[in-house]
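The sequence and model come first.

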Amino acid sequence: MKKIATIAIILLIVVITFGYNRVYAETDVIDKKTESQLIKIKENTAKTLDEYKEKYGSDAYGLVAFVLNTIRIYSIPFCFLGIAISAIYQYVIGIRKLDTQEKGLVMMISFITILVICQILPLAFAIVVKFGRG
């Protein structure tokens, strides 16, 4: 019985050792892949920022244009999610409670206003910078 227990413990130690090394190797590969993807994203962002700086002729204007464009892109899903939630407040929950219906309407108007502002602001900035600076 002692021999079987000793052999089982030795096999368990061997399996754990090889399994740990395999998991560590796979984790190392995943970390390197993730790191390379992050480096690519960083390089693409830096390249895009440099393009904006060249296009607008100034570091400050290029940075502002880059930030406004990023806000424009990410505001679309955020505002559509907000509009969907406010529609639920207004049309589903608001059937029974009038204060909730009004809250949904106010939220919907707010999200639509934010969406319009975030979409028009980069265009207005580009027009003012391109044509406003003599």
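## Terms and model

A residue is called buried under 20% relative accessible area, exposed over 50%, and partly exposed in between, with a 1.4 Å probe and protein chains only. The areas come from the Shrake-Rupley method with a 1.4 Å probe, and for residues only the protein chains shown count as cover.

This is a predicted model, in which local features need pLDDT of at least 70 and side-chain atom pairs count only at pLDDT 80 or more, while totals for chains, interfaces and linings use all residues. Residues are numbered from 1 along each chain as its sequence is written, and side-chain values use heavy atoms, with hydrogens and water left out.

## Fold

The protein chain has three helices and zero strands; helices (H or I, at least four residues) and strands (E, at least two) are DSSP runs numbered from the N terminus. The order of elements from the N terminus is α-α-α. Of the 134 residues in the protein chain, 19% are buried.

Lys103 sits in helix H3 and is partly exposed, because its relative accessible area is 43%.

## Cysteines

The structure holds zero disulfides, a disulfide being a pair of cysteine sulfur atoms within 2.5 Å. For Cys79, the nearest cysteine sulfur is that of Cys118, 5.8 Å away. That distance is too far for a bond.

Cys79 counts as buried because its relative accessibility is 0%. Cys118 is buried as well, with a relative accessible area of 16%.

## Surface patches

Patch residues have over 30% relative accessible area and no salt bridge; like charges are joined within 9 Å, and nonpolar side chains (Val, Leu, Ile, Met, Phe, Trp, Tyr) within 5 Å. A salt bridge is a side-chain nitrogen of Lys or Arg within 4 Å of a carboxyl oxygen of Asp or Glu. Lys and Arg count as positive and Asp and Glu as negative, with His and the chain ends not counted. A charge is placed at NZ of Lys, CZ of Arg, CG of Asp or CD of Glu.

Asp50, Glu51, Glu54 and Asp59 form a negative surface patch. Helix H1 (residues 2–56) gives the most to this patch, three residues. Glu54 lies in helix H1 and is exposed, at 66% relative accessible area.

Ile88, Tyr91, Val92 and Ile93 make a nonpolar surface patch of about 390 Å². Ile93 is in the loop between helix H2 (59–92) and helix H3 (98–132), and counts as partly exposed at 36% relative accessibility.
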